[in-house]
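Hi,

Here is the structure I promised to send over. Have a look at it first, and then read on for what turned up.

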Amino acid sequence: MIFEPQKYQKGTKEMVEFQFFPFVFFVPFVVGLKMYSSMECFFFQNNINEYMTLTIALLFGIILLLIVMLILEVFPSDTLAMTLMVVLIVGGFVSPQEGISGLSNQATVTVLALMILSVGLETTGVITSIGKRIRVLFERTEWVTILILMVIVGTCSAFISTTAVVIVFLRIMIKISQKMPANLAKILMPLSFAGIMGGSCTLLGTSTNLLVSSIAKDYKLEPFGVFEFTPIGICFFVAGLAYMVLIGRHLIPNRTPQNRGDDHPYAMEGYLTEVVIPPNSELIGKPIDETIFATDKELEFLEVKHRTQKSFVPNEVLVLQEDDLLLVKTTVEKIAELHQNKNVRLLSRQMGKQQSEESEGSETILCEVIVRPISRLVGKSLNRIAVKRDYNALPIAIKKHQLHYSSRLGHTRVESGDTVLMEISKVNLEQFYNLPDFVVLQEYEDLSAKSEKRYIAATIMIAVIVLAATNVLPIMVSALSGCVAMFLTGCMDLQKAYRRVDWSVFFLLAGVIPLGIAMDNTGASQLIAATFVEVLGEVSPRILVSILFIFTALLSGVISNNATAILIAPIAVSIGVSLNLDPRPLLFTVMFAASASFISPVGYQTNTLIYGPGAYKFMDFVKVGGGLMVLIWLLATLLIPMFYF
């Protein structure tokens, strides 16, 4: 099928990457202005209040710039966080010791230990075995499938990494989607939301919970217990479950990738790939309308590039020449056929043979993968990624959830949530399957090499939970002990833990924790609290919880939930002190609200993972997730004051 010229639009140009821009911009900016930080700003001091100094104004400017850059996703969040840490140290907002305190903070170390434990559970197949045993339950009516799936995923996410749980069930749901009476789009969003809500039910569930608990301890408040806020978390989960079964699923269109509804032709469902007309091809000298590119309805012919010409939109009378480069969009099955067709060659295979001949003669397979937010591929174009060297695989085609492609496959920027079709040798499949950069959509029964250790790993995890819940050991010590037990029993080796851990979360936490210290050192949190009390007066705890929750939840929809918690938690404590209220319920509010990232596909990693496979639009999250967020907001306004004030 030939692409219609009148619909053609050029894709957006690739953005230039400035890897060191944060340091080049931030550090001189802060150093220059910091020379004046010892001087009180007369305007602020006399016309606003006694707290407002140039130092506070400068810190607010840095925070505002940080939020804008997080929203625009100019750089990865962990890069911005580490840049922020350096800026705060160089600018004198925190001491060097305070600046690096995030690296040794109890929350950071505990999150790292829990991520390693989750890797152990994945490696031994504990999570996968749960999914396999219950997959038959998902072949029922739509509402029953959603109900069962959300209960199981929410329960698992309360104790195991939410992202790990969602990845396992994402693979399962995609694999059995053809057998389910329910539309896949109606299943994946409840899957992600169940993981988010389930993770909010215990201290172990998310890094945000541990972070807010650590902040409470820093303010000399009692840290949170493992199950201290579980009753409210369960109330939120049950309400969210009822909402998704009764209302939310009806707001999700019966959308398949083919009827997603985007007008731009490059946004139509299918993989974008490039093929070359090799020498001796039977297609040389033939008009387009006599080839498969015109007669096969599963092939959409978008562009052609002759050897000495620029790319242009083809027409039916165009005659194919040797070395012509064709841009087409098609299905996985059709790409597999092209893969075997001697009259064409996939461009990536040709490039791969030039790069290496190590896979020559070995059996290869096509493998669909979703790019994770932590992947090294994110933000790079395919022609700038050494996929063959780094992953021992070749990118054959790409399917994007965004509206525009580059007119050349090699110039297409890879974003988190994109699906890439890879060619990989079978002998390297296990290593590729376990890479942290991708979610491999196919399941392979023989890849859990340590499946005989699954009961040991499960027992270790249960022991960690029990020891922490009964206060026999602090949660950090309990989690670290579990990691050592995993290593000693052979459930996991240290090198695999290094490769599989999501280090971006670790460095994000380490980088943003000094921001809370800076807000205290400069008096910024006290200023905001004083202004809040001055404007609103002696508000009731219920109104305070309501305002705090909705503001935090909206902010977490556009920036990291951990960054949101770091920004808002010190302010919540200061407001509580100013109003003579116990700050711990306000910290519970911040904790629950920061995890209520339902209104955006970028607010939480699991939302990003399901965005492409579910063929969702941004407004799907706003409609469905917005209603869920409002429901939990109303419940929080009612229940948190009832339970804790």
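One term before anything else: a residue is called buried if its relative accessible area is under 20%, exposed if over 50%, and partly exposed in between (1.4 Å probe, protein chains only). Please keep in mind that this is a predicted model, so to speak of a local feature pLDDT must be at least 70, side-chain atom pairs count only at pLDDT 80 or more, and totals for chains, interfaces and linings use all residues. Residues are numbered from 1 along each chain as its sequence is written, and side-chain values use heavy atoms, with hydrogens and water left out.

The overall picture

The protein chain has 28 helices and 8 strands; these are DSSP runs numbered from the N terminus (helices are H or I with at least four residues, strands E with at least two). Of its 645 residues, 57% count as buried. The accessible surface is about 26,800 Å², and carbon and sulfur atoms account for 60% of that (Shrake-Rupley method, 1.4 Å probe; for residues, only the protein chains shown count as cover). As for contacts (heavy atoms within 4.5 Å), 79% of those with a separation of 6 or more are between residues 24 or more positions apart.

Aromatic pairs

Rings of Phe, Tyr and Trp (its six-membered ring) pair if their centres lie within 6.5 Å; planes under 30 degrees apart are stacked, over 60 edge-to-face, and the rest tilted. That rule gives 15 aromatic pairs. One of them is Phe229 with Phe588, a tilted pair at 5.9 Å centre to centre with 55° between the planes. Phe229 sits in the loop between helix H12 (207-218) and helix H13 (230-251) and Phe588 in helix H26 (residues 583-594), so this pair ties together parts that are 359 residues apart in sequence. Phe229 is buried at 0% relative accessibility, and Phe588 is buried with a relative accessible area of 0%.

Tyr611 and Phe621 make an edge-to-face pair, because their ring centres are 6.0 Å apart and their planes are at 70°. Tyr611 is in helix H27 (residues 605-611) and Phe621 in helix H28 (residues 618-644), so the parts tied together here are 10 residues apart in sequence. Both Tyr611 and Phe621 are buried.

Which residues do ring pairs link into a cluster? They are Phe224, Phe229, Phe236, Phe588, Phe592, Phe643 and Tyr644. Ser200 lies in the loop between helix H11 (185-199) and H12 and is buried at 7% relative accessibility.

Salt bridges

A salt bridge here is a side-chain nitrogen of Lys or Arg within 4 Å of a carboxyl oxygen of Asp or Glu. The structure holds 2 of them. In one, Arg249 pairs with Glu142, and the closest N and O atoms are 2.7 Å apart. That pair links distant parts of the chain, with Arg249 in helix H13 and Glu142 in helix H9 (residues 142-157), 107 residues apart. Arg249 and Glu142 are both buried.

Glu228 and Arg584 also meet in a salt bridge, at 2.8 Å from N to O. Since Glu228 lies in the loop between H12 and H13 and Arg584 in helix H26, the pair ties together parts 356 residues apart in sequence. Glu228 is partly exposed, at 29% relative accessibility, whereas Arg584 is buried at 11%.

Core and surface

A nonpolar core is a set of buried Ala, Val, Leu, Ile, Met, Phe, Trp, Tyr and Cys residues joined through side-chain atoms within 4.5 Å. The largest one has 156 residues, and Phe138, Phe169 and Met173 touch the most other members. Beyond its neighbours within four places in sequence, Phe138 is in contact with residues including Ile148, Phe169, Met173 and Met180.

Ala457, in helix H19 (residues 454-469), is buried at 0% relative accessibility. Its C-alpha atom is separated by 8.8 Å from that of Ala485, 28 residues apart along the chain. Not counting residues up to four places away in sequence, Ala457 touches Gly120, Leu121, Thr124, Val126, Met486 and Cys491.

Leu72 is in helix H3 (residues 54-72) and counts as exposed at 58% relative accessibility.

Cheers
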